[in-house]
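Work through the exercises below on aromatic ring contacts. Each task is followed by its solution.

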Amino acid sequence: MSKIQMKTPLVEMDGDEMTRIIWKMIKDILLTPYIDLKTEYYDLGLTHRNETDDQVTVDSAEATKKYGVAVKCATITPNAARMPEYNLKEMWKSPNGTIRAILDGTVFRAPILVKGITPYIPTWTKPITIARHAYGDVYKNTEMQVAEGSRCELVCTDKDGNETRELIHEMNGASGIIQGIHNTDKSIASFARSCFNFALDTKQDIWFATKDTISKKYDHRFKDIFAEIFETEYKEKFENAGIEYFYTLIDDAVARVIRSEGGYIWACKNYDGDVMSDMVATAYGSLAMMTSVLVSPDGVYEYEAAHGTVQRHYYKHLKGEATSTNSVATLFAWTGALRKRGELDGLSDLCEFADKLERATIKTIEDGVMTGDLYLLSSLPNKQKVDTEGFLLEVDKRLKQMM
């Protein structure tokens, strides 16, 4: 069988620890035997980010803007414990945050549903897609520890040098902490358009929620921009598509989500989306069974796994011990990117390959062959736990049959 040809490269962003090991396995077992894989490679492993003063992360994001589609492995966002482990020059920021800021995108995450794994919320029979704003708020914050007796103010100096001041707090009687966060109308508008476009593409209702009753300027600005863009640009399109846009407070949204059957997009501000995507993923079964794609308003796509680098399994791997690490989210990052590349380049065989690889992956699990995390959750009879590589080899058996 001749290999499937590609016209345009994918931007390939390699990562860290156990997911880096899985990344190579997926390419060797499931991709390069079938595809003449063309990628522009960037090593976003923490060692190389440190060597390049994190310039490689910026370069990978700029390449994504150039080529339109990227696939990213999970990466380490270092904390204090990682500084001596990797001999870091500084505590580098989250690569995801850097890439999201450059692409000005929105992250869409949805669970992968398989037979035998029942969500912890039994009414959830359809996927819930979390749309997370990927710029600003606490991820671009400035914060300080302040001494007792300090007067803390929010100060804005306009372009003409005029100051506006608002008191945050008088630190009388105790020291404390303060934080400054920001967002921009441009980024919020991009967030709104990305969400509305994705809803139209996938024919799903979209919910948006903030806490505008408490945050009467910050959160209310999000609400107003969403409402204005929807009314002027999308209302008629939504009516024609038979879908709706719904706004409510974040606490009401949480209550509604828990009682729902799923099957819609839930748009969240940056921090809310970070938390709620993990909650939704866990409630459906596993963080490793979650698709994730960053979509910019001008049509750039970056696919990634929604979970971390599986540090504990990596240390076992280094000792030569067997691991049973779930590779599905990383595998679906590749299939998502390949399918989008095929769509943009008019390569139906590449799109069909991505579809078959996803079906082969799901069939493997529904046949009862799975990694340890799913083995503990699955209600299938005669289920079988396999190791990390063994799972990918089982997927390949079913893929060969489909091909």
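The model is predicted, with local features needing pLDDT of at least 70, side-chain atom pairs counting only at pLDDT 80 or more, and totals for chains, interfaces and linings using all residues. Residues are numbered from 1 along each chain as its sequence is written, and side-chain values use heavy atoms, without hydrogens and water.

**Exercise 1.** Classify the pair of F196 and Y245.

Solution. Rings of Phe, Tyr and Trp (its six-membered ring) pair if their centres lie within 6.5 Å; planes under 30 degrees apart are stacked, over 60 edge-to-face, the rest tilted. A search of the whole structure gives 22 aromatic pairs. For F196 and Y245 the centres are 5.1 Å apart and the planes at 85°, so the pair is edge-to-face. F196 belongs to helix α6 and Y245 to strand β11, 49 residues apart (DSSP runs numbered from the N terminus: helices H or I, at least four residues; strands E, at least two). Both F196 and Y245 are buried (under 20% relative accessible area, 1.4 Å probe, protein chains only).

**Exercise 2.** Classify the pair of W207 and Y264.

Solution. The centres of W207 and Y264 lie 4.0 Å apart with planes at 5°, so this pair is stacked. W207 is in strand β10 and Y264 in strand β12, 57 residues apart. W207 is buried at 12% relative accessible area, and Y264 is buried at 4%.

**Exercise 3.** Which ring has the charged end of K340 over it?

Solution. The criterion is NZ of Lys or CZ of Arg within 6 Å of the ring centre and within 35 degrees of the ring normal. The charged end of K340 sits over the ring of Y301, 4.2 Å from its centre.

Definitions and conventions. Buried means under 20% relative accessible area, exposed over 50%, partly exposed in between (1.4 Å probe, protein chains only).
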